[in-house]
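Trainee: I would like to learn how to read a structure such as this one, feature by feature. Could we take the surface to begin with, and then work inward?

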Amino acid sequence: MRGIVLLVSLLFVLTEPAFAQARFPFTAETVSDRVHVRAGQNNNFESVAQLAKGAPLTVLDKKFKWFKVALPAGAKAFVKSSYINLLSADLGEVKVDRLNVRAAPNTEATTVGQLKQGQRFFIAQNAGEWIWIRPVDGVYGWVNESLLVFKSNGARSGDPDPNAAGAVKAAETRVEQARQAARTSLLRKNADGSVECSGKLLKAEQGPAAYKVQSGSAVACYVDGAAAVMDGFIGSDIRLQGKVKSIPADADAAVLSLMKISLAL
């Protein structure tokens, strides 16, 4: 009889769920292919990600038979673009007190988390009205407990922190590089380091120099040159060659130091 009790006890230990040793947060793995991460705690909620067997997830909590998990890379998570500031093409910042993150790009979709004012996030795709964001703290999904197996205690590392100084500095650098590229986009670069600027020469009523070259509706460049030379070309279509003197942050085009100027043929 004692042997039967020992056998039953051993079987209980061997079959005890692996999650018994888990402490939130912990890392788990999917036990099969096509495991859905859902926006809520049943199969009727939207699928925000589909994972292959062995995919790692960080488990944050449990409700009934569903584990709350940090969203994996590539998961669907959307915010309205009108509630954010674009710091660069791949970095955004929340500008309202609370911002709902949705499982799909519409206001009827399930909320999968909230972001706080000032919180930064990486952008997966910008579709105009809606921004698809990469996983970030405060956004999560749900997986049925039967589809996961315990791996280890502690959270797995995810995306880099978008609030880190390095990420912010890199974003600011990209923004400035993009602005500089835009302010020199109508200039043709020469092998000797000079540039050419073409269009109608006008007096610059406002701007960083006394003259500007207008190309259609855009300013191609501002020009720093002697009035005795420049004034004779006012109102004419010209081609000039110069060196980039500066690219002011508050101007819409670069300032050139004049080298040569001629009427456009």
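This is a predicted model: local features need pLDDT of at least 70, side-chain atom pairs count only at pLDDT 80 or more; totals for chains, interfaces and linings use all residues.

Trainee: What percentage of the residues count as buried?

Mentor: A residue is called buried under 20% relative accessible area, exposed over 50%, and partly exposed in between, using a 1.4 Å probe and protein chains only. By that rule, 35% of the 265 residues of the protein chain are buried.

Trainee: How many helices and strands does the protein chain have?

Mentor: Helices (H or I, at least four residues) and strands (E, at least two) are DSSP runs, numbered from the N terminus. The protein chain has three helices and 20 strands.

Trainee: Which residues have the most contacts inside the largest nonpolar core?

Mentor: A nonpolar core is a set of buried Ala, Val, Leu, Ile, Met, Phe, Trp, Tyr and Cys residues joined through side-chain atoms within 4.5 Å. The largest one has 33 residues, and Phe121 and Ile133 have the most contacts inside it; strand β3 (residues 47-51) gives the most to this core, with three residues. A second, separate core holds 16 residues, among them Leu201 and Leu256. For contact, the rule is heavy atoms within 4.5 Å, and, leaving aside its neighbours within four places in sequence, Ile133 touches several residues, including Ala75, Val101 and Phe121.

Trainee: Which residue is the bridge partner of Ile123 in β12?

Mentor: Two strands pair if DSSP finds at least two bridges between them. β11 and β12 pair in the antiparallel sense over three bridges, and the partner of Ile123 is Ile133. These two strands form a hairpin with three residues between them, where Gly128 in the turn has a positive phi of about 95°. β12 also pairs with β6, again antiparallel and over three bridges, with Lys80 opposite Trp130.

Trainee: How many salt bridges are there, and which residue does Lys62 join?

Mentor: A salt bridge needs a side-chain nitrogen of Lys or Arg within 4 Å of a carboxyl oxygen of Asp or Glu, and the count comes to eight. Lys62 joins Glu145, with the closest N and O atoms 2.7 Å apart. Because Lys62 lies in strand β4 (residues 56-63) and Glu145 in the loop between β13 (140-144) and β14 (148-153), the pair ties together parts that are 83 residues apart in sequence. Lys62 is partly exposed at 36% relative accessible area, and Glu145 is partly exposed at 23%. Another salt bridge joins Lys80 and Glu129 (2.9 Å, N to O).

Trainee: What is the omega of the peptide bond from Phe24 to Pro25?

Mentor: Most residues other than glycine have a negative phi, and most peptide bonds are trans. The bond from Phe24 to Pro25 is cis, with omega near -10°, and Pro25 sits in the loop between α1 (2-15) and β1 (26-30). Phe64, although not a glycine, has a positive phi of about 55°, and Phe64 is exposed, with a relative accessible area of 69%.

Note on methods. Residues are numbered from 1 along each chain as its sequence is written. Side-chain values use heavy atoms; hydrogens and water are left out.
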